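Let's take a guided walk through a protein model. Have a look at it first, then read on.

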Amino acid sequence: MAASWLLKRWCSTAVTVTTKGTRWQRLINSRAAAWCRSLLSDYKEACREAVLGARERPLKASVYLGLMGGMYACCYTNPDDGSFETSLLETSNRLALLSPWIRSGTSDGHVQTLVKLRNEGRLRYASLGIASLAYYTDYNSESSLYEARCSAISVPWTELPKRVLDVGFAGRWWVLDHKMKDFDINEEEFKHLPPALVATVPPSPQITERNEKLHQESWKAVVMEDESYELDSIQKDMDISVKGKESNTT
């Protein structure tokens with residue numbers, strides 16, 4: 001009984017191994033395997049030609065590598081929608097710390113518009129790989145209105161350039177940064193100045209620093225010098241003047 005069971009077991013194992021071997025051979029000789037081998041061969045040949053071309057033309061290869069590295073850096077530093085909202089909230093808080101009388105109207109108006117669109121749910125974000133766009137829509141994404149859901153009357157993509165609010169590139173949102181330039185200067189205060197004052201060149205940082213030092217020194221306590229020291233200095237000056245006169249007379 002045991003010998004017959006071992007014989008059946010050995011025969012069944014041999015059949016299984018043979019079947020697996022035939023299936024593996026069929027897989028190797030199949031069309032899919034031949035296509036994979038040809039694809040790998042093409043990639044191998046392309047890499048070999050690229051290496052040979054880089055050795056023959058190093059300048060061209062370095063330019064291509066620089067472009068590829070620049071595109072990778074742009075993709076890696078491409079800002080997302082979270083960074084835009086973070087920058088928007090930070091700029092809004094910076095403006096909130098200032099009095100309305102000294103805020104820049106351009107900065108305040110732009111930030112208030114973005115905050116309003118964000119609160120209404122009309123602010124959108126699109127990634128282009130190496131750059132990003134922030135634009136607005138007419139309706140909230142969760143709106144159930146017919147105008148918001150019907151694709152036949154939706155806004156075409158040709159009007160997207162008119163709706164772009166900001167461009168993200170190299171880790172920055174450029175329009176927002178440009179609008180926040182001199183955000184603590186109210187331009188309305190200088191509209192009624194004479195042309196001569198408007199055209200006045202602002203002082204340089206060195207002059208500003210010198211004026212600040214003089215202003216700080218003006219608040220220091222006055223130090224009175226000793227009277228004996230003053231008398232000695234006066235006596236020395238008189239002696240020097242007398243000696244000078246005597247030398248002139250001789």
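## A buried arginine

Let's start with Arg163, which is buried, with a relative accessible area of 12%. Here, buried means under 20% relative accessible area, exposed means over 50%, and partly exposed is in between (1.4 Å probe, protein chains only). Arg163 lies in helix H7, residues 160–163. Helices (H or I, at least four residues) and strands (E, at least two) are DSSP runs, numbered from the N terminus.

What is Arg163 in contact with, leaving aside its neighbours within four places in sequence? The partners are Ala134, Tyr135, Tyr136, Thr137, Asp138 and Val155. Contact means heavy atoms within 4.5 Å.

## What kind of model this is

Keep in mind that this is a predicted model: local features need pLDDT of at least 70, side-chain atom pairs count only at pLDDT 80 or more, and totals for chains, interfaces and linings use all residues. Residues are numbered from 1 along each chain as its sequence is written, and side-chain values use heavy atoms, with hydrogens and water left out.

## The whole protein

The secondary structure comes to eleven helices and four strands. Of the protein's 250 residues, 15% count as buried. The accessible surface is about 20600 Å², and 61% of that belongs to carbon and sulfur atoms. These areas come from the Shrake-Rupley method with a 1.4 Å probe; for residues, only the protein chains shown count as cover.

Now for the contacts along the chain. Among those between residues at least 6 apart in sequence, 64% join residues at least 24 apart.

## The sheet

Strands of a sheet pair through backbone hydrogen bonds, either parallel or antiparallel. In this model, four strands form an open sheet in the order S1-S2-S3-S4, and the pairing is antiparallel. The edge strands are S1 and S4, since each pairs on one side only. Two strands count as paired if DSSP finds at least two bridges between them.

How many bridges do S1 and S2 pair over? There are five bridges, in the antiparallel sense. Leu123 has Tyr136 in S2 as its bridge partner, while Tyr125 has Ala134, also in S2. S1 and S2 form a hairpin with four residues between them, and Gly129 in the turn has a positive phi of about 95 degrees.

## Helix H4 and its two sides

Helix H4 covers residues 81–96. At 1.5 Å a residue, its 16 residues should span 22 Å, and its end C-alpha atoms are 23 Å apart, which agrees. The expected span is 1.5 Å times one less than the number of residues.

Phe84, Leu88, Thr91 and Leu95 are buried in H4. They cover an arc of only 70 degrees around the axis, which puts them on the same side of H4. The arc is that of the directions from the helix axis to the C-beta atoms. An α-helix has 3.6 residues a turn, so residues three or four places apart point the same way. The face turned away from the buried side of H4 carries the exposed residues Asn93 and Ala96. As for the buried residues of H4, they pack against helix H5 (105–120), strand S1 (123–127), strand S2 (132–136), S3, S4 and H8.

## The nonpolar core

A nonpolar core is a set of buried Ala, Val, Leu, Ile, Met, Phe, Trp, Tyr and Cys residues joined through side-chain atoms within 4.5 Å. The largest one here has 15 residues, and those with the most contacts inside it are Phe84, Val111, Leu114, Leu176 and Met180. H4 and H5 each supply at least two residues of this core, and H5 gives the most, with four residues.

Take Leu114 as an example. Leaving aside its neighbours within four places in sequence, Leu114 is in contact with Phe84, Leu88, Leu123, Leu165 and Leu176.

Most residues other than glycine have a negative phi. Ala170 has a positive phi, near 55 degrees. Ala170 lies in the loop between strand S3 (164–169) and strand S4 (172–173), and is partly exposed, with a relative accessible area of 40%. Asp182 also has a positive phi, near 55 degrees, and is found in the loop between helix H8 (174–179) and helix H9 (195–198).

Thr77 lies in the loop between helix H3 (58–76) and H4. Not counting residues up to four places away in sequence, Thr77 touches Ala170 and Gly171. The C-alpha atoms of Thr77 and Phe169 are separated by 7.5 Å, though these residues are 92 apart along the chain.
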